[in-house]
Amino acid sequence: MGKSVRIKSFELVAQDISDVDVHLLHALSAGVGWPHRPADWEFLRQVGEGIVAVDEIGRVFGSAMWFQQSEDFATIGLVITTTRSQAQGAGRWLMAQVLERCKVSNLALNATKAAYPLYLSLGFEHEATVFLNAGKVSAVPELGPAQGSLGKLPVSQIDEIMDCDSQGFGVNRAPVLEKLAETSSICVLRRDGKVVGYSMRRPFGGLEVIGPIVASSDEDAIQLATWHLKTMKGCQVRIDTREESGPFAEFLTQCGLAPVETTITMSKGRRFLNRSATAPWVFALAGHALS
């Protein structure tokens with residue numbers, strides 16, 4: 001597709017997302033009911049790249065971002081269009097711009113139900129459902145001791161989690177994690193001095209998000225989540241997970257974090273999710289755009 005698209009009586013062009021007033025981006029996401037604050041948009045613009053669809057007087061009608069996770073893999077997110085422009089094909093045009101500009105062959109995203117048919121038509125394949133668990137922390141079950149030592153990780157030691165995360169996520173996404181760590185509280189689980197799991201907590205959208213959580217078992221993931229949740233009773237918390245059932249999913253419900261929405265993880269190129277019984281796994285996502 002071309003660098004511009006006509007929507008009824010006016011034309012939209014692609015503009016670099018870093019050149020747009022962040023409050024216009026906030027208005028765009030608020031218009032579709034997404035929780036992103038201006039600070040959240042600023043963070044995402046620091047981590048990734050993106051474009052917006054603007055008209056001749058600078059009004060924003062859509063956005064799309066991509067996040068280079070490794071040399072040959074990126075995640076796509078923040079694909080938003082106004083109702084008016086969506087009906088005229090702006091979403092497909094924005095995705096065409098992203099696929100042209102993002103020079104990697106392996107991609108993943110988390111699709112809303114409304115956008116799912118569009119991504120299917122663009123060659124993305126269904127992999128898993130993401131459950132957005134959110135609510136006020138009501139109670140945190142008492143746990144036995146962790147199998148290993150739990151403790152806070154200083155940001156200066158963020159390199160210690162990279163090997164564990166790479167095994168769980170599938171690629172080394174060090175630049176993204178380093179940026180996340182700047183505003184996060186980090187817990188690590190060690191056995192014999194080696195990091196075998198970690199969790200991060202940070203503010204997002206007016207609440208606290210716990211994620212990523214990377215661990216080798218439900219039990220370890222629960223311990224890593226509990227480290228944060230035990231001091232958060234009464235707080236609004238969100239944890240995005242692909243665990244539909246099992247101990248970790250049940251634990252979240254017990255804490256008052258029930259599924260309130262779902263999205264669908266999709267990939268284009270090589271398969272994104274490759275779970276192994278013996279390797280770490282991403283029990284909670286960093287975010288829908290960052291996975």
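## Terms and model

Buried means under 20% relative accessible area, exposed means over 50%, and partly exposed lies in between (1.4 Å probe, protein chains only). This is a predicted model, where local features need pLDDT of at least 70, side-chain atom pairs count only at pLDDT 80 or more, and totals for chains, interfaces and linings use all residues. Residues are numbered from 1 along each chain as its sequence is written, and side-chain values use heavy atoms, with hydrogens and water left out.

## Salt bridges

Side chains of opposite charge can pair when their charged atoms come close. A salt bridge here is a side-chain nitrogen of Lys or Arg within 4 Å of a carboxyl oxygen of Asp or Glu. The structure holds 12 salt bridges.

## D72 and R270

D72 and R270 form one of them, at 3.0 Å from N to O. D72 sits in the loop between β4 (60–70) and β5 (73–81). R270 sits in the loop between β13 (258–268) and β14 (281–284). The two are 198 residues apart, so the pair links distant parts of the chain. Strands are DSSP runs (E, at least two residues), numbered from the N terminus.

D72 is partly exposed, at 35% relative accessibility. R270 is partly exposed, at 35%.

## R271 and E127

R271 pairs with E127 at 3.9 Å, N to O. R271 lies in the loop between β13 and β14, and E127 in strand β7 (residues 125–136), so the pair ties together parts 144 residues apart in sequence. R271 is partly exposed, at 47%, whereas E127 is buried, at 13%.

## R201 and E208

R201 and E208 meet in a salt bridge of 3.4 Å, N to O. R201 is partly exposed, at 22% relative accessibility. E208 is partly exposed, with a relative accessible area of 22%.

Technical notes: Helix = DSSP H or I, 4+ residues; strand = E, 2+ residues; numbered from the N terminus.
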